[in-house]
Amino acid sequence: MTASEYNKIGELMEAYFEGLHQADSSLLRKVFHPNLSYVCATEGDELYLDLETYMKRVDGRKPPASRGDPREEEILGISFPDLRLAYVTARMTMMGRDFLDVLTLTHDTAGWRIVTKVFTYTQRKD
């Protein structure tokens, strides 16, 4: 895959992290596919949501940025099994939890967008 495509995914991930940090559903809607599948795989807290239900949750939360929480995130890996398919593994900390995200992205006329977000979390150990 070209450096340009890695850069596009990096820009998408920057918007993803910022949207979560600001609890900004309008920004997140730009990075998520309208048919998003949102899946929490944490034992005892399994959850399956669509985009609209997830955006209502985002709109209802106090933004980590407004609490003064620092942005802590890292892209662990990006892979391109196909020209129109990418996987991103990332970690981030917010709301007192350490999250591990596995994201599936597809490329269409709108560009790269996250079509599945599967994640797990543990309580933050300070």
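Start by selecting M1: at 42% relative accessibility, M1 counts as partly exposed (buried means under 20% relative accessible area, exposed over 50%, and partly exposed in between, with a 1.4 Å probe and protein chains only). This is a predicted model, where local features need pLDDT of at least 70, side-chain atom pairs count only at pLDDT 80 or more, and totals for chains, interfaces and linings use all residues. Residues are numbered from 1 along each chain as its sequence is written, and side-chain values use heavy atoms, with hydrogens and water left out.

M1 sits in the segment before α1 (3–22); helices (H or I, at least four residues) and strands (E, at least two) are DSSP runs, numbered from the N terminus. Together with M1 they make a nonpolar surface patch of about 320 Å². Patches are made of residues with over 30% relative accessible area and no salt bridge, with nonpolar side chains (Val, Leu, Ile, Met, Phe, Trp, Tyr) joined within 5 Å and like charges within 9 Å. A salt bridge is a side-chain nitrogen of Lys or Arg within 4 Å of a carboxyl oxygen of Asp or Glu. Areas come from the Shrake-Rupley method with a 1.4 Å probe.

Next, the largest pocket, which holds about 250 Å³ of space. Select Y38, R61, R97, F99 and F119, the closest to its centre of the 16 lining residues. On a 1 Å grid over the protein atoms alone, a pocket is an open set of points with protein on both sides within 12 Å along at least five of seven lines, and lining residues have an atom within 4 Å of a point. Colour β1 (32–40), α3 (51–59), β4 (85–94), β5 (97–108) and β6 (111–123), the elements that give two or more residues to the lining. The largest share, three residues, comes from β6.

Two loop residues come next. Most residues other than glycine have a negative phi. A23, in the loop between α1 and α2 (25–31), has a positive phi of about 50° although it is not a glycine. Is A23 buried or exposed? A23 is buried, with a relative accessible area of 14%. Then go to M95, in the loop between β4 and β5, where phi is positive at about 55°. M95 is partly exposed at 33%.

Finish at D69, in the loop between α3 and β3 (72–82). D69 is partly exposed, at 25%. Draw a C-alpha to C-alpha distance from D69 to T93: they are 9.2 Å apart in space and 24 residues apart in sequence.

Technical notes. 1 Å grid on protein atoms, 1.4 Å probe; cavity = no way out; pocket = protein on both sides within 12 Å on 5 of 7 lines; lining within 4 Å. Points joined across faces, edges and corners; volume = space filled by probe spheres on them.
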